[in-house]
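Biologist: I have not seen this structure before. Could we go through it one residue at a time?

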Amino acid sequence: MTRCGTVVLAGRPNVGKSTLLNALVGEHLAIVSPKPQSTRLPVVGLLTRADTQFIFTDSPGLLEPEYALHEAMRAAALRALADAEVIAYLHPLPEFPAPPLEQVARLERPPRAPIVTVYTKADLLPLTARPPDHLTAVVVVSALARTGLDTLLDQLATRVPEGPFHYDPEEMATQPTRFFAAEFIREAAFELLQEELPYSVAVEIDEFREGANPVYIRAVVYVERDSQKGIVIGEGGRTIKALGTAARGKIEALLDTRVFLELHVKVWPKWRRDRPSLKRLGYAG
């Protein structure tokens, strides 16, 4: 009998959800950044291992909202928890012990799905600094060192419900390529832009010609103020060129083909605080 189910990676911002997703599926799908709150929408990665298919969902961090975008991110995270068949609750090992998930998520009652507590960033502590062995449904991992991943998959597999596979075993993602193209442009912004500026950046794909050689992508990078537009473009266009080069490399690695990426920078005032704007960008229903 095969097993198949949705495993939601949940926790506070910057606990390593995206890094773990990428390590588990063996592909760079989710934005990884030392800056918290880089994941705005759930990213779904697939792993088929023997008779079990895991549908991993990297959900936005459970945060305290400060404006409309944060509210949309929190709502997406809570929807993911409600729809989960198994929850991998991530918490950094250096901050052991983890508080209850319902406390972190401010839930009125515990989730219906079984929870496996996953202590991340184990590479930051010596082997002796581990949770007591008698704790059940607890796994210690380091996504960077790739330790504990098989143990985690074994623990999750026993909780994934029986049923047929939902996807071809060779697939690694469910979202369209243009979604990842926009995400990788945003990831490059987190890597190259300083301070709070990446949080004001949104990306919209204007055109995506996958049949072209090279693949042609035209995207708009939105910021909230004219001063931010100047910073993103940079002197003589150097910054936007570097951003495009970094993003193109990520997209080419995913598609395994050459890409021509054309970027434009526009000002969209207060898009993070405007619900119609969030809806157009796909951040709110």
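Modeller: A polar contact of 2.6 Å joins the side chains of Ser18 and Asp58. Keep in mind that this is a predicted model.

Biologist: Is Ser18 buried or exposed?

Modeller: Ser18 is found in helix α1, which covers residues 17-25. Its relative accessible area is 10%. Buried means under 20%, so Ser18 is buried.

Biologist: Which residue that Ser18 touches also has a side-chain polar contact with Ser18?

Modeller: Leaving out residues up to four places away in sequence, Ser18 touches Ala30, Ile31, Val32, Thr39 and Asp58. The polar contact of 2.6 Å runs from the side chain of Ser18 to that of Asp58.

Biologist: Is Lys17 buried or exposed?

Modeller: Lys17 lies in helix α1. Its relative accessibility is 6%. The cut-off for buried is under 20%, so Lys17 counts as buried.

Biologist: Which backbone oxygen does the side chain of Lys17 reach?

Modeller: Not counting residues up to four places away in sequence, Lys17 touches Leu9, Ala10, Gly11, Arg12, Asp58, Ser59, Pro60, Gly61 and Leu90. The side chain of Lys17 comes to 3.0 Å from a backbone oxygen, that of Arg12.

Biologist: How many Å apart in space are Lys17 and Thr57?

Modeller: In sequence, 40 residues separate Lys17 and Thr57. In space, C-alpha to C-alpha, the separation of Lys17 and Thr57 is 9.2 Å.

Biologist: Which element gives the largest share of the largest nonpolar core?

Modeller: The largest nonpolar core has 71 residues, and Leu20, Phe54, Phe56, Leu152, Leu156, Ile185 and Ile217 touch the most other members. The largest share of this core is 8 residues, and these come from residues 177-192, helix α5.

Biologist: How many residues are in the other core, which lies apart from it?

Modeller: The members of that other core include Leu62, Ala80, Leu81 and Val104. Its number of residues is 13.

Biologist: Which residues does Leu20 touch, not counting residues up to four places away in sequence?

Modeller: Leu20 is one of the residues that touch the most other members of the largest nonpolar core. With that sequence limit, Leu20 touches Leu90, Val118, Val141, Ala143, Leu149 and Leu152.

Biologist: Is Thr117 buried or exposed?

Modeller: Thr117 lies in strand β5, residues 115-120. Beyond four places away in sequence, Thr117 touches Tyr89, Ala98, Ala137, Val138 and Val139. Its relative accessibility is 16%. Buried means under 20%, so Thr117 counts as buried.

Note on methods. Residues are numbered from 1 along each chain as its sequence is written. This is a predicted model: local features need pLDDT of at least 70, side-chain atom pairs count only at pLDDT 80 or more; totals for chains, interfaces and linings use all residues. Side-chain values use heavy atoms; hydrogens and water are left out. Helices (H or I, at least four residues) and strands (E, at least two) are DSSP runs, numbered from the N terminus. Buried means under 20% relative accessible area, exposed over 50%, partly exposed in between (1.4 Å probe, protein chains only). A polar contact is a pair of N or O atoms within 3.5 Å; within protein, one must be able to donate a hydrogen and the other to accept it, and residues adjacent in sequence count only if both atoms are side-chain atoms. Contact means heavy atoms within 4.5 Å. A nonpolar core is a set of buried Ala, Val, Leu, Ile, Met, Phe, Trp, Tyr and Cys residues joined through side-chain atoms within 4.5 Å.
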